[in-house]
Amino acid sequence: MSKLDFVLEEIVTANRILANEGIVDSFGHVSARHPDNPKHYLLSRARAPERIERADLVEYKLDGTAIDDGGRAPYMERFIHGAIYEARPDVQAVVHNHSPSVIPFGVTPKKLKPFLHMCANIGHEVPVWDCRTKFGDTTLLVTDMKMGRDLAKTLGARPSTLMRGHGATVVGRSVRHAVFISVYLELAAKLQMQAMPMGKIKYLSRGEVQQIIDRVNDYTLNRAWENWARRAGREMQPQDAA
Ligand SMILES: [Zn+2]
């Protein structure tokens, strides 16, 4: 199996997992950097994540131009992916979602911060990108590279950012890593809303977050991936298949 075949199968599985775990609904998408060409990425045509098949995946240049879309309509928000791959050479996968529990943290002054150890991978503090600051009244969708680059700036070197009134964008060193963080971002938001009325929250310290991030290895990611993949009706590919 080529590296490309491996990554294409991973993207299909990632879409099914994110849909099955309630992180995406009919919207949201996941991409991976092309394993043989870092200036290209792989992303589905515009389709609900739960329905995505291998034949839906299209190769794009970082500016969002399709190499061969075969007449298939692209996601309007594909610029999120290209702009992040452009800004972050370390990033190999990007998830954009409208994860429901994160939404309140994008529209109120309350910062989303992890206090459960499994949620440390979202980063010590999750920033909020507000498109209105620079672009005024819009549909809130990231419809060109200018908006994508501005979002990438807010993300900075972090693993995740919220998008005001819209959702979140998460990055990882692999498809499995980005999916892992996306699932725990939703859980972190849900738990924080449960804990807030109970009193002052003791969040993870910056040092604790860093230690946990440093320890996240393939063993952890694969354990979650196998379970989520099978739950979504997909098999886990062995990592040495590529
Ligand atoms: Zn969106």
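Residues are numbered from 1 along each chain as its sequence is written, and side-chain values use heavy atoms, without hydrogens and water. Because the model is predicted, local features need pLDDT of at least 70 and side-chain atom pairs count only at pLDDT 80 or more, whereas totals for chains, interfaces and linings use all residues.

**Exercise 1.** Determine which residues coordinate the zinc ion, and classify the site.

*Solution.* Begin with the donors, which are N, O and S atoms within 2.8 Å of the metal (3.2 Å for Na, K and Ca), bearing in mind that water is not among the atoms, so sites may look incomplete. The zinc ion is coordinated by OE of E77 and by NE2 of H96, H98 and H166, at 2.0 to 2.2 Å. Along the sequence these donor residues follow the spacing E-x18-H-x1-H-x67-H. The angles here run from 96 to 143°, and the site is irregular.

**Exercise 2.** Classify the ring pair formed by F180 and Y184.

*Solution.* Rings of Phe, Tyr and Trp (its six-membered ring) pair if their centres lie within 6.5 Å, and planes under 30 degrees apart count as stacked, over 60 as edge-to-face and the rest as tilted. The centres of F180 and Y184 are 4.9 Å apart with 55° between the planes, which makes the pair tilted.

Note on methods:
Four donors count as tetrahedral if all angles lie between 85 and 135 degrees; four count as square planar and six as octahedral if opposite donors are over 155 degrees apart and all others between 65 and 115; anything else is irregular.
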